[in-house]
Amino acid sequence: MELLSNNYFALFLIVALGFILGRIKIFGLSLDVSAVIFVALVFGHFGVVIPEDFQYLGLVLFIFTIGIQAGPGFFESFKKEGRQLASFATLLIVVAALITAATVYIFKIDKNIAVGLFTGALTSTPGLAAAIDITGSPLASIGYGVGYPFGVIGVILFIRFLPKILGVSLNKAEDDYRSKMKEEFPEILRQNFVVENENVVGKSIGDLKIRYMTKAVVSRVVHNGLAITPKPETILYKGDLIKAVGTEEALKRVQLLIGPPTEEEIPLDPNYDVRTVLVTNKEVVNKTIGQINLLHTYSATITRIRRSGINISPTPNSKLQFGDKLIIASSKANMEMVARIFGDDQKRLSDTDILPVALGIILGVLVGKINIALGNFSFSPGLTGGVLIVALVVSRLGKTGPILWTMSGAANQLLRQLGLIFFLAAVGTGAGADIVDTFEQYGYRLFLFGGVITLVPMVLAALVGKWFFKMNLLSMLGAISGSMTSTPGLAAADSMTDTNAHSIAYATVYPVAMVLLIVVVQLISLFL
């Protein structure tokens, strides 16, 4: 068909059919966006090939946006769960390596084909590059070609069916993750208190260092029936009422310092206002609340920060991020000036600045070409690793000079989805073009070995993850995708949940897995 020779027509036909197929549910399960790769395999078998440029364009967009989203949580996750996730990846890769060694010793498979089979089963292109470099044999590429199709498909199917295999509810896993997030970022509450502690009577809020002592924010004080937004020099008198905002623990400390709680309402002075303000001004991004000094300059108080759906109790050291929602109490006269300081521009929040995306990907490509020597071993991060590393770092920085690296959730989701469908369509048609020929040339045995190298390590790692590491299902999905260096696997997980737990786990595991894979490839090539 002549139309199918038009790359753009074929690409979007594959995407459209993939989305239609992905919405079909069987036993309550659907493939969602992952169905694009299965449609692409069929098209590839019949000679339709999407140019490789679409694959790499989609790959860098998808990985960059994943890194931008996961970056802020990645570094915290690595501190808290890095050892566990690294152990998970090591277990999976070592099991895969042992099975590969067994195919050489027991079934007499050529070691060069076996090492290629290993890299294909774990979908590791940097691993294949290392294998070709050290063996100098084309057999590694053949093994990779045999193992790769099932490596791609097998991980997607395993990710999709893992909740059923482990008997774990995806909804429960999401609830557990959100509960954990609430523990790390406790709910912000409001409570009114009566000033009765003789030790604080007659002293100013600044002298008492209430925010430092309790980690709560005093947003209002009532004295002689008049409610005001307090300043550091505001004096507390016996019988005054204060409104404090903070976590449950912070409010308990306020009670110990100030006096008992009360159900009496504190009216808002007609001259004062409480408003939600968006951080869209690049000049305040990465600045701390203390540096902005709202209280002294405008008698305004930030009582709460809402970020990525989580309420955070502000401190003078809290750094602001683009898109933060601030709950601010201020006089009506000053509120407009305060809002202008932070930007409060909904339109700017929805705008997408392409320059940081382009610069980030350029830096990622350059970093991916860096060659790193470890004794007798050497490796480079490759395209995926380089782009991911840069995205994680710049998203952590937030801003460099005038360049703002963060982006709105809607913009991130759009670029990620676009990159993902380009990537899946190109990878699928490329794999589909040779899948039948490879079957005919090498028979089913190599495919069987490749399937075993793909599936058995994932099964064992998932069981260990559930029973020994007690991992949340969402983190496990990301850890498996990262350990298998499988972007399609990450895509499958991404379509299953609205949380970013899997993205953070993937971003944590992937660099570890990439290094391990290259080292193991060289060990297999040298010693088998």
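Biologist: How many salt bridges does the count come to?
Modeller: This is a predicted model, where local features need pLDDT of at least 70, side-chain atom pairs count only at pLDDT 80 or more, and totals for chains, interfaces and linings use all residues. Side-chain values use heavy atoms, with hydrogens and water left out, and residues are numbered from 1 along each chain as its sequence is written. For a salt bridge, a side-chain nitrogen of Lys or Arg has to sit within 4 Å of a carboxyl oxygen of Asp or Glu. By this rule the count is 5.

Biologist: OK, which residue forms a salt bridge with E336?
Modeller: Look for a pair that links distant parts of the chain, 61 residues apart, with E336 in helix α13 (residues 332-342) and its partner in strand β6 (residues 272-278). Helices (H or I, at least four residues) and strands (E, at least two) are DSSP runs, numbered from the N terminus. The closest N and O atoms are 2.8 Å apart, and the partner of E336 is R275.

Biologist: And D344, how far from R275 in sequence are the parts that this pair ties together?
Modeller: The side chains of D344 and R275 meet at 2.9 Å, N to O. D344 is in the loop between α13 and α14 (346-350) while R275 is in strand β6, so the pair ties together parts whose separation in sequence is 69 residues.

Biologist: Now R275 itself, what is its relative accessibility?
Modeller: R275, E336 and D344 are linked in a network of salt bridges. Buried means under 20% relative accessible area, exposed over 50%, and partly exposed in between (1.4 Å probe, protein chains only). E336 is partly exposed at 42%, and D344 is too, at 24%. R275 also counts as partly exposed, at 23%.

Biologist: Over in helix α10, how many residues apart are E249 and K252?
Modeller: Their side chains meet in a salt bridge at 3.7 Å, N to O. E249 is partly exposed at 45% relative accessible area, and K252 likewise at 44%. Both lie in α10, about one turn of the helix from each other, a spacing of 3 residues.

Biologist: Within what arc do the buried residues of α10 fall?
Modeller: The buried residues of α10 (residues 248-257) are A250, L251, V254 and L257. Looking down the axis, they line one face of the helix because they fall within an arc of 115°. That arc is taken over the directions from the helix axis to the C-beta atoms, and its value is 115°.

Biologist: What do those residues pack against?
Modeller: Contact here means heavy atoms within 4.5 Å. The buried residues of α10 pack against α9 (210-214), β1 (189-194) and β4 (241-246).

Biologist: Which strands stand at the edges of the sheet?
Modeller: Two strands pair if DSSP finds at least two bridges between them. The open sheet has 5 strands in the order β3-β2-β4-β1-β5, with antiparallel pairing. Each edge strand has a single partner, so one side of each is left without a neighbour in the sheet: these are β3 and β5 (261-262).

Biologist: How many residues of β2 are buried?
Modeller: β2 pairs with β4 over 5 antiparallel bridges, with V222 opposite L241 and V217 opposite V245. A further 3 bridges join β2 to β3 (residues 226-228). Strand β2 (residues 217-223) is largely enclosed by the rest of the structure, because the buried count is 6 of the 7.

Biologist: Which residue takes a positive phi in the hairpin of β2 and β3?
Modeller: H223 stands opposite L226 in β3. The hairpin has 2 residues between the strands, and the one with a positive phi near 55° is N224.

Biologist: Last one, what share of the chain counts as buried?
Modeller: The chain has 20 helices and 13 strands. Among contacts with a separation of 6 or more, residues 24 or more positions apart account for 80%. Of the 528 residues, the buried share is 53%.
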